[in-house]
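Student: Hi! Could we go through this structure together, one piece at a time?

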Amino acid sequence: MATNPNQKLAVLIDADNAQASVIQELLAEVSRYGTATIKRAYGDWTTTNLRGWKDVLHTMAIQPIQQFAYTSGKNATDSALIIDAMDVLHTGRVDGFCLVSSDSDFTRLATRIREAGLVVYGFGERKTPEPFVAACDKFIYTEILRTEPEEAKPGKEPVAELPKLKPMILNALNAIAREDGWTTLSALGSQINRSHPSFDPRNYGVAKLGELIRQQAAYLDVKDVKLGEGDAVQTHLHVRRKVAGAAKAG
């Protein structure tokens with residue numbers, strides 16, 4: 001999806017349901033989409049459960065929001081975050097929200113923000129329920145932000161399977177390809193993200209979409225198209241479904 005680095009973003013973190021160990025990389029990822037003008041983390045800071053977060057709050061200039069767990073079994077942190085998000089939404093001070101949680105309780109919040117015309121970026125682990133992922137404009141799995149893979153722990157909840165790549169790409173191509181079958185790489189990426197908010201080439205072990213697409217030579221043709229003249233020339237990757245028996249495009 002197209003991003004605007006001038007966007008003002010509110011980063012709201014469910015500290016009960018997010019990993020402090022990846023916060024530096026997460027905020028670096030947020031900077032790709034805009035400027036974090038609001039950074040808040042919600043939880044009961046009187047408990048020992050959030051000790052890992054306490055070590056990074058000041059370093060990352062994140063404002064801790066205290067929320068006591070008044071009733072056992074009720075998630076007061078979620079309620080506080082949702083109320084604050086609606087307050088920020090109605091002030092008109094931001095262009096979008098970054099919701100950091102693996103909890104499906106924020107599905108309706110993401111939907112409501114998007115209904116108001118603002119963009120929603122979700123951040124969570126691969127165990128995040130699909131409804132919350134689908135409710136965001138873009139969802140980034142925090143596993144791909146780690147500089148070192150996290151070790152598997154016995155009894156750890158299994159992660160969700162990634163969507164199969166081939167049908168995802170081909171469905172997107174079918175939706176946007178010109179009559180000659182070709183489309184641009186950027187248009188393809190935007191279409192995939194519209195249907196699959198969690199799509200990211202890094203989920204499949206590569207850094208860039210172009211690199212991922214070039215690896216799908218079994219069923220895709222690609223060609224470099226140069227536009228412009230002289231020093232202003234630019235090269236754009238074009239993609240189409242491989243046509244049986246057709247000569248490879250030059």
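Tutor: Gladly! Helix α3 (residues 76-91) has 16 residues and should span 22 Å at 1.5 Å a residue, and its end C-alpha atoms are 23 Å apart, which agrees. The expected span is 1.5 Å times one less than the number of residues. Helices (H or I, at least four residues) and strands (E, at least two) are DSSP runs, numbered from the N terminus. This is a predicted model, where local features need pLDDT of at least 70, side-chain atom pairs count only at pLDDT 80 or more, and totals for chains, interfaces and linings use all residues. Residues are numbered from 1 along each chain as its sequence is written, and side-chain values use heavy atoms, leaving out hydrogens and water.

Student: Which residues of α3 are buried?

Tutor: They are A76, T77, D78, A80, L81, D84, A85, M86, V88 and L89. Buried means under 20% relative accessible area, exposed over 50%, and partly exposed in between (1.4 Å probe, protein chains only).

Student: And what do the buried residues of α3 pack against?

Tutor: They pack against β1, β2 (35-43), β4 and α4. Contact here means heavy atoms within 4.5 Å. Just after α3, G92 takes a positive phi of about 70 degrees.

Student: New topic: how many aromatic pairs are there?

Tutor: A search of the whole structure finds five. Rings of Phe, Tyr and Trp (its six-membered ring) pair if their centres lie within 6.5 Å; planes under 30 degrees apart count as stacked, over 60 as edge-to-face and the rest as tilted. The ring centres of F106 and F132 are 6.4 Å apart with planes at 50 degrees, so this pair is tilted.

Student: Where do F106 and F132 lie?

Tutor: F106 is in the loop between β4 (96-100) and α4 (107-115), while F132 is in helix α5 (residues 130-135), so the pair ties together parts 26 residues apart in sequence. F106 counts as buried at 1% relative accessibility, and F132 is buried at 0%. Together with F139 and Y141, these two form one aromatic cluster.

Student: What about the largest nonpolar core? Which residues touch the most other members?

Tutor: Of its 28 residues, those are I13, I23, L26, W53, I62 and F123. A nonpolar core is a set of buried Ala, Val, Leu, Ile, Met, Phe, Trp, Tyr and Cys residues joined through side-chain atoms within 4.5 Å.

Student: Which element gives the most to this core?

Tutor: That is α1, with four residues. A second, separate core has 26 residues, including A80 and M86, both of which are among the buried residues of α3.
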